Amino acid sequence: MKEKIRIAAGQGFWGDLPDAPVRQVEEGPIDYLMLDYLAEVTMSIMQKQKARDPKAGFARDFVPLMKRILPACVERNIKVVANAGGVNVAGGAAAVRDVARELGLGGKLKIGIVTGDDILERVDSFLARGIELRNMDTDEPLATVRDRIQSANAYLGAAPIVEALDQGAQVVITGRATDTGLTLGPMIHEFGWAGDDWNKLAAGTIAGHIIECGAQCSGGNCQYEWESIPDLANVGFPIAEASADGTFVITKHEGTGGRVSIPSVKEQLVYEMGDPRGYITPDCVADFTTVQLADDGPDRVRVFGIKGKPATDTLKVSISYSAGYKAVGTLVYAWPDAYEKAKAADKILRARLDRLGLRFDQILTEYVGANATHGPLAGEPPPDLAEVQLRVGVRGNDRNAIERFTKEIAPLILTGPPAVTGFAGGRPKVEEIVAYWPALIPKAEITARVEVIEA
Amino acid sequence: MQIQLIKLAHARSGDKGDTANVGLIALRDEFYPLIVREVTAARVKEHFKGICQGKVERFELPNLGALNFLLHESLGGGGTLSLMTDAQGKTFSTALLRMEIEIPDDEAQKLGLR
């Protein structure tokens, strides 16, 4: 058993710096590379891709990435844990296997496949048995949007990842798995932590929470002394250096930019936090009010003292459903009276939409440069404002109404207030809204499946 | 004296559906009791008038010198439903740091704030 392992985060979200995982592998020692690909509505996009092409439905970027890093991972025994499988985990694993063979690594590594999260086909049977899958935010039963569901997945925890690693997998690919489980799994596998060692499981979970947003704990988006954070162009992604006793150090590779400090780690700890005493995952309930931080040298923060509680008997389910359409149009007004002109243009636009008899569930006007982010807290903009962007969004179920709205923006240039520009992009795009429906399901209903294949 | 929160704390915010979370962290440990006393859920609700349509919950993390606020019904429906520029509530952090709080002069002096 190892006493210490280094788990590196390679992506804070699907679309993060493409070279970050490569640099994590190449610029210093690591044992594991953890990659989080699944945002809340990613599964529905993948579901659509799979409907068009049965071979699709996983994070395609993962395959060329593996092509770049797999030889080094095999050579240095770096394991990769990624929820890149989306709604076609087996397809993703097959693509990685093909890449491994292409690289001459056939027979040299095993690939773990974790499934069982996809419950789209079982939704009706749940509803028929009185499992209502009520929305955790609004308490509405799922039946109200049943005919519009596009994907449904339970969040799996660390356990199946551990099983795949125990069976010798070098690359573990999951579908919907918690971001924290991707970090906790390797710790349980290496240190042999018991399934009811709640304090250690909570520690691994909180380590996962700290590194799951990539550089957001190592200097990115950091408010504390942001102007002095060095070399963000070369920002180092975080590494959790975990010990068997459940303590860990957050750090990054030497020679990289950014900064790991107590304030940078604190900012990430409180990110997307609910009740800090009850951070619920499939693996445990972590208590963020027990986290202790200490300086451990340059770009090193030691984390200890973490306490946890027993896991609950439910799993979170993420369901995506079609929820109408939206479009956002923008124009830029210049000095003088930029704000007044933008407001006048908004009034004209709304009068025209009214005359057309268009109805929307929501219409929102913002003035970017004046108050789009802080609203009334920003106060009145200065009278000599150099420019302001008028930004109008509409949402509704009638696609034609949204489409019609998009034709009313550009004409404002020739038919509204003067000194206006910013319409190079053409008409605004009508977007189909895929909304997120969080729910809970009894754990007994979900069985994770683990398969390990030879490359 | 009046002092703006940005002199006392840093912050990070994010979203969960239509709820924005703002973590407010004392710049120095000795500012924490002052922040706990002054930055109540009611004050934050009042501060975000016109933005937060629901209730405000507050949680204490004395170990981090931090408070966590949940601002319900603040993100225009949240996620992909929202039409807002800041649908994820990322800038609620500095919006909270705009808050002005009142401190007795002697306390301000003790904390080295004047």
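In chain B, what share of the contacts between residues at least 6 apart in sequence join residues at least 24 apart?

Mentor: The share is 58%. A contact here means C-beta atoms, placed from the backbone, within 7 Å. This is a predicted model: local features need pLDDT of at least 70, side-chain atom pairs count only at pLDDT 80 or more, and totals for chains, interfaces and linings use all residues. Residues are numbered from 1 along each chain as its sequence is written, while chains are lettered from A and ligands numbered from 1 in the order written.

Chain B has 4 helices and 6 strands. These are DSSP runs numbered from the N terminus: helices are H or I with at least four residues, strands E with at least two. From the N terminus, the order is β-β-β-α-α-β-β-α-β-α.

Now the sheet. It is open, with 4 strands of chain B in the order 2-3-5-4 and antiparallel pairing. Pairing takes at least two DSSP bridges between two strands. Strand 2 (9-16) and strand 4 (56-61) are the edges, each pairing on one side only. The twist averages 20 degrees from one strand to the next. Axes are lines fitted to C-alpha atoms, for helices over the stretch in contact; angles run from 0 to 180 degrees between N-to-C directions.

Strand 2 and strand 3 (residues 19-26) of chain B are antiparallel over 8 bridges. There, B:D15 has B:A20 of strand 3 as its bridge partner. Chain A joins in: its helix 9 (residues 262-269) packs on the sheet and touches strands 2, 3 and 5 (66-71) of chain B. The helix direction makes about 30 degrees with that of strand 2.

Terms used
Two residues are in contact if their C-beta atoms, placed from the backbone, lie within 7 Å.
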